[in-house]
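Here is a short briefing on one protein chain. Keep the structure open while you read, and find each part as it comes up.

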Amino acid sequence: MENLISHLNKTLYLSLNSSKKLAEVITVSDIKKGTTFIKEGKIDKNEYLIFDGICRSYVVNAKGDDISLSFYVSNAAISPNVTRTKLSNSLSILNIQALTDVKLATFLSEDLMQLMSSNREIELWGNSILQNELLQKVAKEINQISMSAEDRLLEFRTLYPQLENMIPHSYIASYLGITNVSLSRIRGRLSTK
């Protein structure tokens, strides 16, 4: 329990009392690299925190290509359930895949809602996760429209330092909305500047 609370404090920056309350509803598991642990079209009623590792969210387009939407690194929350499921039936609208071995904390969205209604600190934390998700999505949409591919790669490097050297470049290219060949060319140009 102490190890779990230590992880929560690194990830959430909650007080000891609030961390203990959240720890009571959390299950920690190890997810193997390459595992898609949230699948589009499957029921998902959970919230997730990454204690250690790297994950990505993605969808599969009509051509069968998977398109990376977001990346999640150690000590981060995965997109809130309300943003990645259909509200009417809790079916996931996207996939989440472990890109490395991952230590994952899981808890029911319902448990989080109950904690948020009884604990102001957890309520503020939960709302900040939702707000940050919205801000990131809007920023990405604007960047996709208004920035060059090179500038989008530079922004990616700012948002996710070192990630470029840790995950397949095809995932980064799809996130940026470009081909692998284009990403390779841009990386080459940037390395000579």
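**Strand β7 and its partners**

Y58 has N95 of β7 as its bridge partner. This is a predicted model.

- Strand β4 (residues 55-60) pairs with β7 in the antiparallel sense, over four bridges.
- Strand β2 (residues 36-38) also pairs with β7. That pairing is antiparallel and has two bridges.
- I38 has I96 as its bridge partner in β7.
- Which residues of β7 are buried on each side? N95 and Q97 are buried on one side, and I96 and A98 are buried on the other. Both faces of β7 are therefore covered.
- Strands of a sheet pair through backbone hydrogen bonds, either parallel or antiparallel.

**A four-stranded sheet**

- An open sheet has four strands in the order β1-β8-β3-β6. Their pairing is antiparallel.
- The edge strands are β1 (27-31) and β6 (76-77). Each of these pairs on one side only.
- β1 pairs with strand β8 (residues 102-108) over five bridges, in the antiparallel sense.
- V28 stands opposite A105 in β8.
- Helix α4 (residues 109-118) lies across β3 (46-52) and β8. The helix runs at about 65° to β8.

**An enclosed helix**

- How many of the eight residues of α7 are buried? Six of them are, so α7 is largely enclosed by the rest of the structure.
- The buried residues of α7 are Y171, I172, A173, S174, Y175 and L176.
- Strands β4, β5 (66-72) and β7 are among the elements that cover these residues. Helices α5, α6 and α8 (180-192) are also among them.

**Salt bridges**

Side chains of opposite charge can pair when their charged atoms come close. A search of the whole structure finds nine salt bridges. Here are some of them.

- R56 and D66 meet through their side chains in a salt bridge, at 3.0 Å from N to O. R56 lies in strand β4 and D66 in strand β5, so the pair ties together parts that are ten residues apart in sequence.
- R56 is buried, at 1% relative accessible area. D66 is partly exposed, at 31% relative accessibility.
- E164 and R187 form a salt bridge, with their closest N and O atoms 2.5 Å apart. E164 is in the loop between α6 and α7 and R187 is in helix α8, so this pair ties together parts that are 23 residues apart in sequence.
- E164 is buried, at 9% relative accessible area. R187 is partly exposed, at 25% relative accessibility.
- D44, E47 and R84 are linked in a network of salt bridges.

**E133 in helix α5**

- E133 is found in helix α5 (residues 120-146).
- Is E133 buried or exposed? E133 counts as buried because its relative accessibility is 7%, and the cut-off for buried is under 20%.
- E133 forms a salt bridge with K137. Their closest N and O atoms are 3.1 Å apart.
- E133 and K137 are four residues apart in helix α5, so about one helical turn separates them.
- K137 is partly exposed, with a relative accessible area of 32%.
- Leaving aside residues up to four places away in sequence, E133 touches S79, P80 and T83.

**A nonpolar surface patch**

- V82, L87 and L130 form a nonpolar patch on the surface. Together they have about 290 Å² of accessible area.
- V82 is found in helix α3. At 43% relative accessibility, V82 counts as partly exposed.

Most residues other than glycine have a negative phi. Look for two residues that do otherwise.

- S90 is not a glycine, yet its phi is positive, near 60°. S90 sits in the loop between α3 (81-84) and β7 (95-98). At 17% relative accessibility, S90 counts as buried.
- Q162 is not a glycine either, and its phi is positive, near 75°. Q162 sits in the loop between α6 (149-159) and α7 (169-176). At 57% relative accessibility, Q162 counts as exposed.

Definitions and conventions: Residues numbered from 1 in each chain as written. Predicted model: local features only at pLDDT ≥ 70, side-chain atom pairs only at ≥ 80, totals over all residues. Heavy atoms only, no water. Buried < 20%, exposed > 50% of the residue type's maximum accessible area, 1.4 Å probe, protein only. Pairing = 2+ DSSP bridges. Contact = heavy atoms within 4.5 Å. Patch = residues over 30% accessible without salt bridge, like charges linked within 9 Å, V, L, I, M, F, W, Y side chains within 5 Å. Areas by Shrake-Rupley, 256 points an atom, 1.4 Å probe, with all protein chains shown as cover. Salt bridge = Lys/Arg side-chain N within 4 Å of Asp/Glu carboxyl O. Axes fitted to C-alpha atoms, helices over the stretch in contact; angles between N-to-C directions.
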